[in-house]
Amino acid sequence: MLLLAHNMLTSHVKGVKNGYPMLLKVNEIDEKEIEFSGEFITRMLPRLQWPVLVQVLKDIGKPDLVPAEVPEDAADNEDFLKAAHHALLELDIINGELECPESHMKFPITDGIPNLLIKEEQE
Amino acid sequence: HTHTYIQTDMKLKQLESELQEVAAFTSPKILLEQYPTTPHIAACMLFAMETQFNDVAGKAVADLGVGCGILTVAAAMMGSHYNMGFDIDLDALEIARGNFEEAEIDVDLIQCNLADPLPVQPKSFDTVVMNPPFGTKKNAGIDVLFLERALQLANTAVYSLHKTSTRKFIAKKAKEFGVSMQVVAELKFNIPAMYKFHKHKSVDVEVDFLRFSWD
């Protein structure tokens, strides 16, 4: 699971009012190389919650990979776009856990796949 | 014009032949209506989505009910930049992952029940593509539920397969959801006799390839 996915995922536990963002605990992380596209990062920026990315990088022990705020010239700022690309698309969470911030229900990430089935549906 | 047509035709054929490598379900589950999308249909769909509508290359594409992942492999081959696949069935997700590794594409996979509210922020993706369950077994209405979920996720367009016999009903639902619906193609979906209750060797089902959008 990439951090771009973490930025998109939200808790859907019944009755939870504020299930975003999910807390992330990482046991195993892989780094991979993905083809860079500044255009893609620029396309995604308006849909992202930047402070959530900044916080989750801190939580998983990788602070300072990206600036605290999106620079005004983001679309033309290659250094920024490359840093965002790396943080969002090149860190792969292999094993760990997502946790609903409100109900504290936990969802395991195994072999890279988060299991977001609600507990009663989990075997 | 003939020259362009031949080139286009070759690209489509090449896509279809590469999709032949994608493995299908080893033991399909009847309640989940796991009928594999054929390489031919997957190639036709993603090719049209890109060449007619520019909805694939460089885009974030989600696949609801990803199954063995053939639509997502086709999306990646047509140049999508980020893919996410959702399925309730871990066995299917593991087959999908094997297919993605084989095709050397990176896909985020999420195990979740698409009948529940989506565990994803709305409008996270540009495009959603899916071959939803037709909802003809014990899960009537699941096709429309998938459509509703897909429309929550997409910014630009949703592409889906629905039985031609349900076209009027789906059009009515599209209107209720505030989107326009376009029949991109009419396809014949050959459902092989994978399950014991099928009396015939295989059966052709007429299927609409539909595009839903806000324009």
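This is a predicted model: local features need pLDDT of at least 70, side-chain atom pairs count only at pLDDT 80 or more; totals for chains, interfaces and linings use all residues.

Reader: Start with Ile94(A): where is its place?

Author: Ile94(A) is in strand β2 of chain A, which covers residues 91-99.

Reader: Buried or exposed?

Author: Ile94(A) has 15% relative accessibility, so it counts as buried, the cut-off being under 20%.

Reader: And what is Ile94(A) in contact with, leaving aside neighbours within four places in sequence?

Author: Glu28(A), Ile29(A), Asp30(A), Ile109(A), Thr110(A), Asp111(A) and Gly112(A). Take Asp30(A): 64 residues separate it from Ile94(A) in sequence, yet their C-alpha atoms are 6.7 Å apart.

Reader: Asp111(A) is on that list. What's its phi?

Author: Near 50°, so a positive value in a residue other than glycine. Asp111(A) sits in the loop between β3 (106-110) and β4 (113-114) of chain A, and it is partly exposed at 42% relative accessible area.

Reader: Switching to chain B, which loop holds Asn54(B)?

Author: The one between α2 (39-51) and β1 (60-64) of chain B. Asn54(B) isn't a glycine either, and its phi is positive, about 50°.

Reader: How many residues of α3(B) are buried?

Author: 7 of the 8, in a helix that runs over residues 70-77. Among them are Ile70(B), Leu71(B) and Val73(B). After the helix comes Gly79(B), with a positive phi near 100°.

Reader: Last one: which residues does the cis peptide bond join?

Author: Tyr20(A) and Pro21(A), with omega about -5°. Pro21(A) is in the loop between α1 (3-8) and β1 (23-31) of chain A.

Technical notes:
Residues are numbered from 1 along each chain as its sequence is written. Chains are lettered from A and ligands numbered from 1 in the order in which they are written. Side-chain values use heavy atoms; hydrogens and water are left out. Buried means under 20% relative accessible area, exposed over 50%, partly exposed in between (1.4 Å probe, protein chains only). Helices (H or I, at least four residues) and strands (E, at least two) are DSSP runs, numbered from the N terminus. Contact means heavy atoms within 4.5 Å.
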